[in-house]
Amino acid sequence: MTFTTEENTRKAVEQFRSFDADTQLGLLWYGYLDIKENLTPVNQDSAQQTAKALFDKIQAMSKEEQLQAQRDIVSGNSSDISSAYVALSSSGKLDVWLRLAQAMESGSVIQVPSDYELPSKTNEFTNSIKGLDFEQRVNFMRSVVVEMGANS
């Protein structure tokens with residue numbers, strides 16, 4: 001299920017999916033930083049509860065396991081976390097990533113290294129994202145996270 005309806009957003013989703021897992025994680029992080037001031041999450045209680053339960057499992061892991069869990073979700077690798085992620089509603093999936101980003105910001109989940117720089121191959125992509133309005137950016141984020149998780 002993809003939420004993109006606009007051609008520029010659809011192209012951005014396709015381009016995002018062409019990047020490796022760590023680059024996708026970096027892009028999600030910077031995407032969060034870009035839109036966080038304007039986010040007003042309004043999820044159903046059930047979506048929030050299931051997202052929080054999965055987030056809590058990830059947060060309880062070691063930093064290395066947290067990173068691997070995120071990589072598994074992004075890559076669609078089969079794992080308990082990735083499989084649980086697939087079972088979430090689209091709002092729940094978005095909520096997990098929002099919680100992860102907020103926890104990264106506070107330091108309770110493994111953070112993007114302070115010296116991390118996105119690969120130069122992402123420059124065109126990031127410029128295209130900067131050209132989207134806020135709603136298109138949110139639509140883009142929702143579209144990419146909904147498709148993630150274990151493929152089996």
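This is a predicted model: local features need pLDDT of at least 70, side-chain atom pairs count only at pLDDT 80 or more; totals for chains, interfaces and linings use all residues.
Residues are numbered from 1 along each chain as its sequence is written, and side-chain values use heavy atoms, with hydrogens and water left out.

OK, the core. The largest nonpolar core has 38 residues. By that I mean buried Ala, Val, Leu, Ile, Met, Phe, Trp, Tyr and Cys residues joined through side-chain atoms within 4.5 Å, where buried is under 20% relative accessible area, exposed is over 50%, and partly exposed is in between, with a 1.4 Å probe and protein chains only. F16, L28, Y85, W97, F125, F140 and M148 have the most contacts inside this core. Helices 1 through 8 each give it two or more residues; helices here are DSSP runs of H or I, at least four residues, numbered from the N terminus.

Have a look at W97. Skipping neighbours within four places in sequence, W97 is in contact (heavy atoms within 4.5 Å) with L25, L28, Q70, I73, V74, Y85, V145 and M148.

Next, helix 8, residues 134-146. Of its 13 residues, 11 are buried, among them R137, F140 and R142. What covers those buried residues? Helix 1, helix 2, helix 5, helix 6 and helix 7 are included in the cover.

Helix 2 gives the most, with 5 residues. There are 13 lining residues, and Y30, G31, D34, T126 and I129 lie nearest the centre. A pocket, on a 1 Å grid over the protein atoms alone, is an open set of points where a 1.4 Å probe fits, with protein on both sides within 12 Å along at least five of seven lines; lining residues have an atom within 4 Å of a point.

Last one: Q15, in helix 1. Q15 counts as partly exposed because its relative accessible area is 24%. Q15 and E124 are 109 residues apart in sequence, yet 9.7 Å apart in space, C-alpha to C-alpha. Beyond its sequence neighbours within four places, Q15 is in contact with E124, F125 and S128.
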